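Here is a friendly walk through one protein model, in questions and answers. Have the viewer open and follow along.

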Amino acid sequence: MLEVLRLLTRYRAWADGMTFESLGELPPDEVAKPRDTLFKSMIHTMNHNLVIDQIFKGHLTDTDHGHTKRNTPAPPPLADLAAAQAEMNDWFVAYAEGLDATAAAERIRFDFVDGGEGEMSRADMVLHVVNHASYHRGFVAEMMYQVPAKPPATDLPVYLRDAAPG
């Protein structure tokens, strides 16, 4: 399980990097253009991923994440968001590298920002942020086709072929 967590956090960092690189090649107005989707734009969707990461990092470190919603009213500029996400991804990669089996299985109770209580293992939280980001990068890819632009191939097999260490 630990090797899978480590692989998936590295994969997620790569996939996010590929996505942000592609977004940076688009006209800025297209990245922020309101669209008929949950978080209204590509940049706001990617910002949502960062907010969720910050929330779960807070759960994992028992610190206040400072969020009361699953997104911020407005996203930061794309370059700032990409840098913040890269830093967060580096944190999750290092976190997964440092987990042992006992810590990975430890269950943490928390409150969801939109109400209700939750409890997950540390490993489940790491898996969640990876899976969650993949889900929303799919929305961003669909929005890129609307530009029209071709999104990057960020599938796990592409990472394993092109970028995975070893």
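Helices (H or I, at least four residues) and strands (E, at least two) are DSSP runs, numbered from the N terminus. Please keep in mind that this is a predicted model.

Q: Where is Pro148 placed, and which residue does a cis peptide bond join to Pro148?
A: Most peptide bonds are trans. Here, though, omega is about 5° for a cis bond. Pro148 has its place in the loop between α6 and α7, and the residue joined to Pro148 by this cis bond is Val147.

Q: Is Thr154 buried or exposed?
A: Thr154 is found in the loop between α6 (122-146) and α7 (156-162). Beyond four places in sequence, Thr154 touches Tyr11, Trp14, Ala15, Met18, Thr19 and Arg137. Its relative accessible area is 16%, and the cut-off for buried is under 20%, so Thr154 counts as buried.

Q: Are α1 and α6 roughly parallel or roughly antiparallel to each other?
A: Two packed helices are described by the angle between their axes and the distance between the axes. For α1 (residues 2-24) and α6, the angle is about 25° and the axes are 10 Å apart. Angles under 35 degrees count as roughly parallel, so the description for α1 and α6 is roughly parallel.

Q: What is the handedness of the crossing of α1 and α6, and how many residues of their contact are nonpolar?
A: The crossing of this helix pair is left-handed. Among the residues making the contact are Leu5, Leu8 and Tyr11 of α1, and Val126, Val130 and Arg137 of α6. By class, the contact of α1 with α6 has three charged residues, four polar ones and, for nonpolar, 13.

Q: Are α3 and α6 roughly parallel or roughly antiparallel to each other?
A: Helix α3 (residues 42-61) packs with α6 at an angle of about 175°, with the axes 9 Å apart. Angles over 145 degrees count as roughly antiparallel, so this pair of helices, α3 and α6, is roughly antiparallel.

Q: How far apart are the C-alpha atoms of Asn47 and Thr72?
A: Asn47 has its place in helix α3 and counts as buried, at 3% relative accessibility. Leaving out residues up to four places away in sequence, Asn47 touches Asn71, Thr72, Ala74, Pro75, Pro76 and Leu81. Although Asn47 and Thr72 are 25 residues apart along the chain, their C-alpha atoms are separated by 7.7 Å.

Q: What is the phi of Lys40, and what is the phi of Asp62?
A: Most residues other than glycine have a negative phi. Lys40, in the loop between α2 (28-32) and α3, has a positive phi. Asp62, in the loop between α3 and α4, is exposed, with a relative accessible area of 74%. The value is about 75° for Lys40 and near 55° for Asp62.

Note on methods. Residues numbered from 1 in each chain as written. Predicted model: local features only at pLDDT ≥ 70, side-chain atom pairs only at ≥ 80, totals over all residues. Heavy atoms only, no water. Buried < 20%, exposed > 50% of the residue type's maximum accessible area, 1.4 Å probe, protein only. Contact = heavy atoms within 4.5 Å. Axes fitted to C-alpha atoms, helices over the stretch in contact; angles between N-to-C directions. Parallel < 35°, antiparallel > 145°, perpendicular 65-115°, else oblique. Left-handed = near helix turned anticlockwise from the far one by under 90°. Nonpolar A, V, L, I, M, F, W, Y, C, P; charged D, E, K, R; others polar.
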